[in-house]
Amino acid sequence: LRPPGSPTDHDERLFDAWRHGDRIAGDKLARRYSSTLRSFFRPRLPPQEVEDLTQRVLLNTIAQPQRFRGASSLSTYVASVARKALAERHRKFWRNLEDPHSVDDFPVSDAPVSEVIAHCEGAAQLEAIIAGLPLHYARVLELHLAGIGHHEIATKLGINYNTARSRHVRALVVARVDLAWTG
């Protein structure tokens, strides 16, 4: 039970009024949650996308009161929709990063010696970083760098597909921290 006068109790009353046709209550809720949503999205998105995703979440929550079943507090509901919208935005973003050009579209040229040396030094540094990772992260990263996909990695290591993806991401995070310290 929520104590009377708590912010969530106030939100619930405003939402109930909005559900029954009080436009002023709906405007108050939209203003209150728009600032909260902007604060949530700002550190996670490019600035030009913050307002768009904020409006999209408001349209899916506050603007459609019939969707809220009351199984949780209103703030939990709005936060859940915001997290799902952010995850969907990231999924779409990463799907669109695939390079439409094949390797054959790029001209072949002899790289200068300085670039070859820099590449070799970078490869040695990467091997050292991988060697410093915990074994379960290092193995996934090695297989990924060998060009093996997450499904095949999961099969080879006898782990769940999502575990393979998670370990890959965590290995990259740890490797970037190490690169920051060594670079």
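A: Confidence is lowest in helix H5 (residues 113-132), where the mean is 67, and highest in helix H7 (residues 150-157), at 90. Over residues 1-6 the pLDDT stays under 50, and the model has seven contacts beyond four places in sequence for them; residues 99-103 are also below 50, with two contacts beyond near neighbours in sequence. Where pLDDT is low, the predicted coordinates should not be read in detail.

Turning to the pair itself, helix H2 (residues 23-41) packs with helix H3 (residues 47-60) at an angle of about 135°, their axes being 9 Å apart, which makes H2 oblique to H3. The crossing of these two helices, H2 and H3, is right-handed. On the H2 side, the residues in contact are Ala 30, Tyr 33, Ser 34, Leu 37, Arg 38 and Phe 41, and they meet Val 50, Glu 51, Leu 53, Thr 54, Gln 55, Val 57 and Leu 58 of H3. Sorted by class, this contact of H2 with H3 has eight nonpolar, three polar and two charged residues.

Glu 51 and Arg 38 also form a salt bridge, in which the closest N and O atoms are 2.7 Å apart. Because Glu 51 lies in helix H3 and Arg 38 in helix H2, the pair ties together parts that are 13 residues apart in sequence. The structure as a whole holds five salt bridges.

Technical notes:
Residues numbered from 1 in each chain as written. Predicted model: local features only at pLDDT ≥ 70, side-chain atom pairs only at ≥ 80, totals over all residues. Heavy atoms only, no water. Axes fitted to C-alpha atoms, helices over the stretch in contact; angles between N-to-C directions. Helix = DSSP H or I, 4+ residues; strand = E, 2+ residues; numbered from the N terminus. Parallel < 35°, antiparallel > 145°, perpendicular 65-115°, else oblique. Left-handed = near helix turned anticlockwise from the far one by under 90°. Contact = heavy atoms within 4.5 Å. Nonpolar A, V, L, I, M, F, W, Y, C, P; charged D, E, K, R; others polar. pLDDT = per-residue confidence, 0-100. Salt bridge = Lys/Arg side-chain N within 4 Å of Asp/Glu carboxyl O.
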